[in-house]
Amino acid sequence: MGQTLYQKIYQSHVVGALNGSTDLLFVDRHLIHEVTSPQAFAGLRQAGRPVRRPDLTFATMDHNTSTQVRSYDAAGETSRKQLEALAANCAENGIELLDLHHPDQGIVHVIGPELGLTQPGMIIVCGDSHTSTHGAFGAIAFGIGTSEVEHVLATQTLPQQVAKTLKVEVTGTLSPFVTPKDVILAVIGALGTAGGNGFVAEFCGDAIKGMTMEGRMTLCNMSIEMGAKAGLIAPDATTFAYLQGRSHAPKAEHWDAAVAYWQSLYSDADAQFDKVVQIDGSQIRPQVTWGTNPEQVIAIDQPVPAPESFSDLIKADAARRALIYMGLEAGQKLTDVAVDVVFIGSCTNSRIEDLRAAAAVVAGKTVASGVRALVVPGSGQVKRQAEAEGLADTFKAAGFEWREPGCSMCLGMNDDRVDAGQRCASTSNRNFEGRQGRGSRTHLVSPAMAAAAAIAGKFVDVSTISNGASA
Amino acid sequence: MSDIFAKGLVCPLDKNNVDTDQIIPKQFLTSVSRDGFAEALFFDWRYLADGSANPEFVLNEPQYQGASILLTRANFGCGSSREHAPWAIQQYGFNVIIAESFADIFFNNSINNGMLLISLSAANIDFLFNRSKQGPQQWQIDLANQEILLGNNTAIGFSIDADVKQRLLSGLDFIGASETLSPQIDAYETRRRAAQPWLG
């Protein structure tokens, strides 16, 4: 019987059997950041263990940094200590760090691919749940906790068991203005936030093949929001073209051998998946979340659902609570709902293509009065490119704030927060209660939808605006 | 050695999809320590905006003070990978969580801190919630025999991965266990360098 892509990569990384059904797997890349690593380094010191492979470990500062000032001091005393701890730990152990003053600093899941650190066939881990992003390259990439960070630092391995496999096939061609963000929100809406628990999801189908690497990253990024351990996509010519020439990608003398290996990375035709889901991509409309978890999502032209419409009593109760928290009513159209804040950024949607899509909607227009709108590019590279292309000027002219790279308002660990009761159209990945600040109300959308909301001061169906503009 | 892994008062948290942002909000993640998170547990639910205890939140109810077993529903611990979530739960005093299901990363993080997470069918979870509505419950967890002892000769069996069970019972340092495979790690690195020199 054939193997799935996940099974191929898993097997090629087995160092040995630990016991029963647990294998020790080798880790090709370990990405670390300031928030989830200090306790791991402290643990190593306490046990007298060195970092086994500093050359396979890469660090950046992103979660806890100011996006206004490039200074360790800018986000407060405890934040400064955390940033200094990362710098000291990296210096002590010889780990490459892209700190706040490095031109390529940025969100860990934006810079990993950008620098060519992320490659097909790898196992990549990071103490952050959105590590699933890197699966876009045909790698097994998943988030780990701090104890596991310590384990990887010490041994460059991780104990794992084989996960179940889920095939998500998105067929057809996406409509104009329907983006990978809309696709993944629609998939999560269909499967639920726990639909992927215990599974590694492989995305395939014509709609996926047609996506750029940026789009594939957005898709895999949010596979954690349906509970999947990881999401991945078989590498192809799009993947190889993206990687060629990047600073940490295979050099010229190894390039052909690397590509030859990468071309063997696909699920065999007769591979058996534990679960298969098919979604017609041509039917997906621009999506907006209405509740407090990502499965509470609708197409922009659908009314907010009534709690009674859920046959599952617990889901109905969750919907009731979510509507109260979000200040919405069943039957309401989100196109009638005003926004206070617009956030374009995060490891989901802060890449150059995302900023281009948003800027195309913004060009020549002005942010609605009373709306606070900010764009936080994912990395120094994205920021420089957006400035060179004139996107930054477009945003600034329209009244957006243009910031330094970081996680920012996705989780509000720094001072970029949404106030209680305020409504935010956000390109990030989680609409949990209080995620962007205590009492904040988050609606997850694509960059174009967020940009359109900023201009209109309320949610709009971006496909109708754009049609009007092109007429 | 007793077969009882844990025993104590049960606190019922009747919600699905409790995410790690609720378990411990972001403002507590700036610490460089593993300790001091007990007060942060369920912060936004537990405290009102003025800092006083929210009397409507179950953890604040007088009959659940001192609880060490948390009963909840599906997909507990979803969201962020922050290990601060199990640290906060454990430092508050819980060492066992019983739920319909858990998010993967949260599950691993909890086990790595020696906590026991028990998954039961939706029907059994309903049964336990109904029971907890009758009054505060004191249960015992027999990990060796995989049973929750509810008292009055009533018990509910549970299944658990054999490797996870062994780790919890032995209390082994999981880095130390992996280090016993150091020769295999060395050999793997040698093979990797030869086959895929671009990986380093």
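What share of the contacts in chain B with a separation of 6 or more is accounted for by residues 24 or more positions apart? In this predicted model, the share is 67%.

## Chain B overall

Chain B holds 8 helices and 7 strands, and its C-alpha trace extends over about 65 × 45 × 30 Å when taken along the principal axes. Of the 200 residues in chain B, 38% are buried.

## The sheet of chain B

The chain B sheet is open and has 7 strands, which follow one another in the order E4-E3-E2-E1-E5-E6-E7 with mixed pairing. Strand E4 (116-119) and strand E7 (154-157) of chain B have a single partner strand each, and because they stand at the edges, one side of each is left without a neighbour in the sheet. On average, and with direction ignored, neighbouring strands of this sheet are turned by 25 degrees against each other.

Strand E3 (residues 96-99) of chain B pairs with E4(B) in the parallel sense, and 4 bridges connect them; for Val96(B), the bridge partner in E4(B) is Leu116(B).

## The contact between the chains

The contact draws 61 residues from chain A and 48 residues from chain B. On the side of chain B that touches chain A, at least two residues each are supplied by helix H1 (20-23), helix H4 (104-111), helix H6 (162-170), helix H7 (174-179) and helix H8 (182-195) of chain B, and the largest share, 5 residues, comes from H7(B). Sorted by class, the residues on this side of chain B comprise 17 nonpolar, 20 polar and 11 charged.

## An antiparallel sheet in chain A

Chain A contains an open sheet of 3 strands in the order E1-E2-E8, with antiparallel pairing. Its edge strands are strand E1 (14-19) and strand E8 (157-160) of chain A, each of which pairs on one side only. Neighbouring strands of this sheet are turned against each other by 25 degrees on average, direction ignored.

Between E1(A) and strand E2 (residues 22-26) of chain A there are 4 bridges, and the two strands pair in the antiparallel sense. One residue pair in this arrangement is that of Asn19(A) with its bridge partner in E2(A), Thr22(A).

## The surroundings of Ala59 in chain A

Ala59(A) belongs to strand E4 (residues 57-60) of chain A. Is Ala59(A) buried or exposed? Ala59(A) counts as buried because it has 23 C-beta neighbours inside 10 Å, where 20 or more are required.

When residues up to four places away in sequence are left out, Ala59(A) touches Ile32(A), His33(A), Leu86(A), Cys90(A), Ile95(A), Glu96(A) and Leu97(A). Ala59(A) and Gly2(A), which stand 57 residues apart in sequence, are 37 Å apart in space from C-alpha to C-alpha.

## Two helices of chain A

Helix H6 (residues 180-191) and helix H8 (residues 213-221) of chain A have axes that come within 8 Å and cross at roughly 25 degrees. Because angles under 35 degrees count as roughly parallel, that crossing makes H6(A) roughly parallel to H8(A). The crossing in which H6(A) passes H8(A) is right-handed.

On the side of H6(A), the contact is made by Pro180(A), Lys181(A), Val183(A) and Ile184(A), and on the side of H8(A) by Gly215(A), Arg216(A), Thr218(A) and Leu219(A). By class, the contact of H6(A) with H8(A) comprises 4 nonpolar, 2 polar and 2 charged residues.

Note on methods: Residues are numbered from 1 along each chain as its sequence is written. Chains are lettered from A and ligands numbered from 1 in the order in which they are written. This is a predicted model: local features need pLDDT of at least 70, side-chain atom pairs count only at pLDDT 80 or more; totals for chains, interfaces and linings use all residues. Axes are lines fitted to C-alpha atoms, for helices over the stretch in contact, and angles run from 0 to 180 degrees between N-to-C directions. Angles under 35 degrees count as roughly parallel, over 145 as roughly antiparallel, 65 to 115 as roughly perpendicular and the rest as oblique. A crossing is left-handed if the near helix is turned anticlockwise from the far one by less than a right angle, and right-handed if clockwise. Two residues are in contact if their C-beta atoms, placed from the backbone, lie within 7 Å. Ala, Val, Leu, Ile, Met, Phe, Trp, Tyr, Cys and Pro count as nonpolar, Asp, Glu, Lys and Arg as charged, and the others, Gly among them, as polar. A residue is buried if 20 or more other C-beta atoms lie within 10 Å of its own, exposed if 12 or fewer, and partly exposed in between; C-beta atoms are placed from the backbone. Two strands pair if DSSP finds at least two bridges between them.
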